[in-house]
Amino acid sequence: MSNLIVIVYPTETQAEQVRLDFIKMQKEYLVSLEDAVIAVKKPDGKVKLLQMYDTTLSGAISGAIWGTLIGLIFMMPIFGLVLGAGTGAVAGALADVGINDDFMKKLASSLTPGSSALFVLVDSQITDKVMAELQGTGGQIIQTSLSTVDQEKLQKVLDEARKTAQPANPEASA
């Protein structure tokens, strides 16, 4: 069963770093990542989604290959290439894989300008090793499909990271 986790960060850079951490954890087989999208609220109020996978590009490449093969059959490989790439790009742009784009835009519209939200869809449990990797990243969970216990554990790890980042004695640093 897939779990959705939405964490808000004050900057796009922090959200991107945590997404890279999730990708690294997937390569190490600690987590099974289905999708990881960053939603950034621009100063003008618009929301921009930074997808993990570019479906337009992959659709264009796939369409170009199939178009060329079909074009070779009809002795028009260049026409097949162009037609296939165009159709594949349109099909890829219209495809919505992973987390629903409208849902992400709606949720991210409530963010403060300049902040960002990391939407992570995982098809695995959030283990202690994953929690250890996320420690020190900060962020605030705003929505999740995790159990209440797992959500509290994850938020505690994120909160502890914020506490350790602050100086122990604020007067000593002045």
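This is a predicted model: local features need pLDDT of at least 70, side-chain atom pairs count only at pLDDT 80 or more; totals for chains, interfaces and linings use all residues.
Which residues are exposed on the other side of α1?

1. Start with helix α1, which covers residues 12–27. Its 16 residues reach 23 Å from the first C-alpha to the last, close to the 22 Å expected at 1.5 Å a residue.

2. Next, look at which parts of α1 are hidden. Ala15, Val18, Arg19, Asp21, Phe22 and Met25 are its buried residues. Seen down the helix axis, these buried residues fall within an arc of 150 degrees, so they line one face of α1. On the other side, Thr13 and Lys27 are exposed, which settles the opening question.

3. What do the buried residues of α1 pack against? Their partners are the strands β1 (3–9), β2, β3 and β4 (116–122), together with α5 (128–134).

4. Now turn to β2 (residues 33–41) and β3 (residues 47–50), which run antiparallel and are joined by four bridges.

5. Finally, have a look at Val120 in strand β4. Val120 is buried, as its relative accessible area is 1%. Leaving aside residues up to four places away in sequence, Val120 touches several others, including Phe22, Leu33, Asp35 and Ile99. The C-alpha atoms of Val120 and Glu34 are separated by 7.8 Å, although these two residues are 86 residues apart along the chain.

Technical notes:
Residues are numbered from 1 along each chain as its sequence is written. Side-chain values use heavy atoms; hydrogens and water are left out. Two strands pair if DSSP finds at least two bridges between them. Helices (H or I, at least four residues) and strands (E, at least two) are DSSP runs, numbered from the N terminus. The expected span of a helix is 1.5 Å times one less than its number of residues. Buried means under 20% relative accessible area, exposed over 50%, partly exposed in between (1.4 Å probe, protein chains only). The arc is that of the directions from the helix axis to the C-beta atoms. Contact means heavy atoms within 4.5 Å.
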